[in-house]
Amino acid sequence: MTRKRVGILISGRGSNMSALVESSRVADYPAEIVIVISNEPDAGGLTFAASHGIPTAVVNHRNYSSRETFGEAIEAELFTAGVEIVCLAGFMRLLATPFVERWRGRMLNIHPSLLPAYKGLNTHARALADGVKTHGCTVHFVAPELDSGPIIVQAEVPVLPGDDEKSLAARVLKEEHRIYPEALRLVAEGRAKFA
Ligand code: GRF
């Protein structure tokens, strides 16, 4: 089995990235994580990746004058590492449309809501404010428009009486860590495609 070479983009603690790294260590997993790139020099996830022997790179968006040149610097890292699939995992910068188009069908994102509901930020607070009974998370192929693109896997969680943002986020996060490796497996095996 040739394993697909995966690059992960993060901005923060990187718990989804960690879940992907852990899953990729299982013998029959069809993907390996070959680089973790952060736009934030202090991202906690960089420490986890390095301590697991995964090459890391920082591409600080503040050092680039445009979204395009920032993206080109990220792509240079991806190409050097021979990346075939990109996973956005708590990556908090928008990527330019040409970048997204080049990686069409080969770039995934995880979002903490049942898309198309609650695109954007503060998803848990908005779900609570609306009084929804069911919330969840989504792994999807990335398309140029924010938090859009074909859905690969979703997981639902109940919103329970007494939930606050923190308790709901924790319940959703547990599912994120389960479905992201599942979705990456489907893409790496060619069983999920951007039509
Ligand atoms: C996750 O909830 C993810 O869905 C969202 O940002 C958060 C990142 O968490 N896009 P982590 O960095 O993976 O721990």
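**Exercise 1. At what angle do helix 1 and helix 6 pack, and how far apart are their axes?** Work out the class and hand of the crossing too, then find the residues that make the contact.

*Solution.* Keep in mind that this is a predicted model.

Step 1. Helix 1 and helix 6 pack at about 50°, and their axes lie 9 Å apart.

Step 2. Angles under 35 degrees count as roughly parallel and 65 to 115 as roughly perpendicular. Helix 1 is therefore oblique to helix 6.

Step 3. Next, the hand: helix 1 and helix 6 cross in a right-handed way.

Step 4. Now look for the touching residues. Helix 1 brings Ser-15, Asn-16, Ala-19, Leu-20 and Ser-23, while helix 6 brings Leu-173, Glu-176, His-177, Tyr-180, Pro-181 and Leu-184. Sorted by class, this contact holds six nonpolar, four polar and one charged residues.

**Exercise 2. Describe how helix 5 meets helix 6.**

*Solution.* 

Step 1. The two axes come within 9 Å, with a crossing angle of roughly 115°.

Step 2. The range from 65 to 115 degrees counts as roughly perpendicular, so helix 5 is placed roughly perpendicular to helix 6.

Step 3. The crossing of helix 5 with helix 6 is right-handed.

Step 4. On the helix 5 side, the contact uses His-124, Ala-125 and Leu-128; on the helix 6 side, Glu-165, Leu-168, Ala-169 and Val-172. Its make-up is five nonpolar, one polar and one charged residues.

**Exercise 3. Locate the largest pocket and say which elements line it.**

*Solution.* 

Step 1. Two or more lining residues come from each of helix 1 (15-24), strand 5 (107-111), helix 5 (123-130) and helix 6 (165-188). Helix 6 supplies the largest share, five residues.

Step 2. Count the classes: the lining has 17 nonpolar, 14 polar and seven charged residues.

**Exercise 4. Which residues line the second largest pocket?**

*Solution.* 

Step 1. The volume of the second largest pocket is about 150 Å³.

Step 2. Its lining consists of Lys-4, Glu-84, Ile-85, Gly-105, Arg-106, Val-187, Gly-190, Ala-192, Lys-193 and Phe-194.

Step 3. Grouped by class, these are four nonpolar, two polar and four charged residues. If you are sorting them by hand, remember that Gly counts as polar here.

Technical notes: Residues numbered from 1 in each chain as written. Predicted model: local features only at pLDDT ≥ 70, side-chain atom pairs only at ≥ 80, totals over all residues. Heavy atoms only, no water. Helix = DSSP H or I, 4+ residues; strand = E, 2+ residues; numbered from the N terminus. 1 Å grid on protein atoms, 1.4 Å probe; cavity = no way out; pocket = protein on both sides within 12 Å on 5 of 7 lines; lining within 4 Å. Points joined across faces, edges and corners; volume = space filled by probe spheres on them. Axes fitted to C-alpha atoms, helices over the stretch in contact; angles between N-to-C directions. Parallel < 35°, antiparallel > 145°, perpendicular 65-115°, else oblique. Left-handed = near helix turned anticlockwise from the far one by under 90°. Contact = heavy atoms within 4.5 Å.
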